[in-house]
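Good morning, colleagues. Please take a moment with the sequence and the model before I take you through selected features.

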Amino acid sequence: MNAGVGNDRRSGYVVCHFTTGYIVEAKGPSDRQVVRTHRFMRRNGNGEVDNPLRSNIATVLEAERRRRRLRHQDMAQLFHTSPGEGLAYRTYIKTARRRNNVTLRTLDMMARSLRISIAALLTARTDIEPWVHELEDHSIRRRLGAILNSERARRNLLLYQMAELIGVSEITFGKLERGAGNVSVDTIAGIAKSLCLDPTTFLFQDQIAPRSR
């Protein structure tokens with residue numbers, strides 16, 4: 001997606017500019033926002049995806065491996081929840097090399113095994129609020145749903161229009177808005193980019209409160 005982000009000084013709104021797309025009404029003096037349907041992240045010739053979440057996860061995994069002075073095979077063993085179960089070595093090594101579109105449930109399991117938080121894996125930061133470290137898989141999915149619901153209301157879009165905006169089917173969008181399903185890091189990053197949000201931080205903003213279920 002060829003996009004740029006600008007700041008409308010009159011309104012304080014962040015405005016996305018795309019080379020192609022359709023126009024959606026936006027509230028505020030800028031009034032128009034050009035957006036484009038997209039299908040999330042794309043691979044380059046080396047099979048790598050330009051997703052900062054993948055990079056952050058790989059960075060944290062490598063830091064934890066070096067801190068423990070483990071080989072990759074031994075590191076993968078940490079993610080076995082019980083004999084014969086857990087993260088396969090192939091899945092671990094692909095994740096460590098930024099080649100795996102890992103899901104929140106898998107991240108939850110990895111975080112528990114390493115005794116760190118999902119937020120630490122996604123942000124690769126230690127200077128985050130204590131409450132953010134407490135967020136588990138289901139809590140993050142609910143926050144994502146709350147953000148989508150809020151953004152859809154702010155843009156005054158119907159469900160199918162919002163689904164087109166973030167590049168998913170209407171059925172998938174309904175699940176995302178309800179905080180259901182098993183969300184992947186590429187889906188999170190794709191949503192963030194389509195909404196002009198920072199993929200590494202938008203889920204952890206204090207002012208965004210998840211809806212009660």
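This is a predicted model: local features need pLDDT of at least 70, side-chain atom pairs count only at pLDDT 80 or more; totals for chains, interfaces and linings use all residues.

Asparagine 156 sits in the loop that links helix 7 (137–155) to helix 8; helices here are DSSP runs of H or I with at least four residues, strands are runs of E with at least two, and both are numbered from the N terminus. Asparagine 156 has a relative accessibility of 59% and therefore counts as exposed, where exposed means over 50% relative accessible area, buried under 20%, and partly exposed in between, with a 1.4 Å probe and protein chains only. The phi of asparagine 156 is positive, near 55°, and this residue is not a glycine. Most residues other than glycine have a negative phi.

Residues are numbered from 1 along each chain as its sequence is written, and side-chain values use heavy atoms, with hydrogens and water left out.

Arginine 115, in the loop between helix 4 and helix 5 (118–123), also is not a glycine and has a positive phi, about 60°. Its relative accessibility is 78%, so arginine 115 counts as exposed.

Let me turn to the chain as a whole. The protein chain has 10 helices and 4 strands, and along the sequence they follow the pattern β-β-β-β-α-α-α-α-α-α-α-α-α-α. Of its 213 residues, 45% are buried.

What covers the buried residues of helix 10? The cover includes helix 1 (52–68), helix 4, helix 5, helix 7, helix 8 and helix 9. Helix 10 is mostly covered, with 9 of its 10 residues buried; among them are Val185, Asp186 and Ser194. Serine 184 lies in the loop between helix 9 and helix 10 (185–194). Its relative accessibility is 9%, so serine 184 counts as buried. Leaving aside neighbours within four places in sequence, serine 184 is in contact, meaning heavy atoms within 4.5 Å, with Asn101, Val102 and Thr103.

Next, the interior. A nonpolar core is a set of buried Ala, Val, Leu, Ile, Met, Phe, Trp, Tyr and Cys residues joined through side-chain atoms within 4.5 Å. The largest such core has 47 residues, and those touching the most other members are Leu61, Phe79, Tyr92, Leu107, Leu122, Leu148 and Ile166. Helix 4 (residues 104–114) gives the most to this core, namely 6 residues. Not counting residues up to four places away in sequence, leucine 107 touches Ile57, Val102, Ile118, Leu121, Leu122 and Val185.

Finally, how do the axes of helix 8 (residues 159–166) and helix 9 (residues 170–178) cross, and at what angle? They come within 9 Å and cross at roughly 95°, the axes being lines fitted to C-alpha atoms over the stretch in contact, with angles from 0 to 180 degrees between N-to-C directions. Helix 8 and helix 9 are therefore roughly perpendicular, a term for angles of 65 to 115 degrees. From helix 8, Leu159, Tyr160, Met162, Ala163 and Ile166 meet Glu170, Phe173, Leu176 and Glu177 of helix 9.

Conventions: Angles under 35 degrees count as roughly parallel, over 145 as roughly antiparallel, 65 to 115 as roughly perpendicular and the rest as oblique.
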